[in-house]
Structure formats: structure tokens, C-alpha cells
Amino acid sequence: MTDKLRIVFMGTPDFAVGILDTILKNNYNVVGIITAADKPAGRGQKIKFSAVKEFALQNQLPLLQPVSLKDEAFLSELKNLNANLHIVVAFRMLPKVVWDMPALGTFNLHASLLPEYRGAAPINWAIINGESKTGVTTFFIDDKIDTGAMILSDEIPIDENENAGQLHDRLMELGSKTVIRTLEMIAEGDVSTQIQEDNASIKTAYKLNKENCKIDWTKSASVVHNLIRGLCPYPASWCYIKDNEEEWNVKIYESEVIIEKHGLEIGSIHCTKKELKIAVSDGFVKILSLQFPGKKRMNTGDLLNGIVFSAFAKAY
């Protein structure tokens, strides 16, 4: 059954590697890999390979890294791979000339229960918005973003304290199984699809940026906690902490919710020798781990061994 398919796989990050590895372990014929072009990263601006490129090189898979997906030389190379199916996982929007090329189509694995959370950061936004469940969906790509006809969908619960990194790993495992089931259906010629509904209540997985990662301490404890865990470990929520004349841009990674009535100023910081909590509208957000500029991420207890906040310290 697996020999009916000649697959080109397109992806970039670790999430895509997990799926690709499962496809290969299930003996599917992957004839080519497409991933992002190399680019400089970090303070030293050293050239960094994508996770998918690293995996492709380790497994001696044919690799293409086009800057433009409409480049004629790239399209010629892609066509020469003679694939009859393209699979896309965490890549980029494809032009029609690419997704329409293989005879069996191009399907995408998206880390949400479509049509909810179309867009760049579905794992993060499901947690940020306090969802109790999420999942993965395979669908045939069309000319819009994450709107194509759905093939399969699988669901998992979200733990109330689970962070984005933990959910990422569970969805990668679930997505691997969903992709294999999708491949089996395509190989057997037994694919039925469902058109996605559209309505005003559908939530979007907007691209993460500095502004939507900033903590608003006027929100409730649960809203702040959800933002923190939804952005952990990357890119991490952040805020300013000010104490007298000093001010720091601080990343917050882990927290707990404390529901408690108080008359304290919103954003005010309250410490013991081992505990740091910040006042919000309905209680406190207890900070468990964080990172100050130029420092490594650390547990709050370790931080408080080296810094003493005054009674005027405030987060905003």
C-alpha cells in the first residue's frame, strides 16, 4: 500500500520533524524534502539550519531550499521528483502551482480543531484563550490559509496547567498518527472530506509578537496565568518590573493562580524569602520561574536569594 505514494514533505520546525520521522518509520516513500532557506540567527548571526534540514541531512533525503516557491528552477526540480502527493506541516503558504502539482493533491496537518484557530500559532492561542481541548486536523490545501476541505480530525484535552511546550509534544504525537491514517486513506483511494464552516465566532491563531505577548496585570489571575503558560517556553510572556529607580524587562515562564480578595494596588509585587506574587483584580499570580535581562531562566526562590525587592516594586 505504501508503495503507491511518492511523497514530497514540506516543513521547517521540530514539530514537522516528528511527523516526518513517523512517515519514514511507516515505510512511506519520501522522494524529497522542502524546507526554509538557511538564515543567520542569534547574537553571532551564524547560519542556522532548520530542524527539518538537519533531519533530512542525517537521513540522506533529497533536499530543496527555495527562497521563492515560484522560482522556475525550483518548480522544475520539484516536478522532476515525480511525486504524486505533497504533505505540508508547519511550513508556509504555497502558491497554486505547487499545491496543485501532484495528482493526489497536497494535504496539510494543522495543530488545531479546524475551523478554529487557523493561523500561525494555534497551540499557543488554544492555551492563551483557556480552551479545555484542542487537536489536529488534516485537510487538502486550497488558495487560502487553513481553509481547505478537511480529511481527519483528532481531539485531546488540555490540562489546566499545561504549557505550550508540553502541548506541542502531545500534538506532535497525535498528529503523527493522524497523518498515517490520512496516508492510508489516500493510498486506498478512500478519502472523504468535509467543507469547513465559516462564521464570526471562529477564533484565529494570530502571529505572536511583542505586543500580544506582554502581560496585562489588570486582567484576572486565570487570564494572566493562561498567557504565561501559553507562551512557555517560547517566545515567553513578558512585562516590566520597576523598583524605585531601576526597571527591567522580565520574561515570565511559570505561574500559579491564587484567588483571594485584597485591597492592594494592581501589579504590586509581594515577596517572602522564597515566594513572589503579583496582585491582580481577583487575587494574585504567583511567579514560579522567570528571567531577568542578561540572566538565565531561574526559579523564583533562586532569584530571591540574590535580589531584594522594596515595598514599592511593581509589575506593569
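Phe-9 has Ile-33 of strand S2 as its bridge partner. The strands S1 (residues 6-11) and S2 (residues 29-34) pair in the parallel sense over five bridges. Pairing requires at least two bridges found by DSSP between two strands. Strands are DSSP runs of E with at least two residues, helices are runs of H or I with at least four, and both are numbered from the N terminus.

This is a predicted model, where local features need pLDDT of at least 70, side-chain atom pairs count only at pLDDT 80 or more, and totals for chains, interfaces and linings use all residues. Residues are numbered from 1 along each chain as its sequence is written, and side-chain values use heavy atoms, without hydrogens and water.

Seven strands make up an open sheet with mixed pairing, in the order S5-S2-S1-S6-S7-S9-S10. Its edge strands, S5 and S10, each pair on one side only.

| Edge strand | Residues |
|---|---|
| S5 | 63-64 |
| S10 | 150-157 |

Helix H6 packs on this sheet and touches S1, S6, S7, S9 and S10. Contact means heavy atoms within 4.5 Å. The direction of H6 makes about 150° with that of S10. Axes are lines fitted to C-alpha atoms, for helices over the stretch in contact, and angles run from 0 to 180 degrees between N-to-C directions.

H6 (residues 164-187) also meets helix H1 (residues 14-25): their axes come within 9 Å and cross at roughly 40°. That makes H1 oblique to H6. Residues in the contact include Phe-15 and Ile-19 of H1, and Leu-171 and Val-179 of H6.

Definitions and conventions: Parallel < 35°, antiparallel > 145°, perpendicular 65-115°, else oblique.
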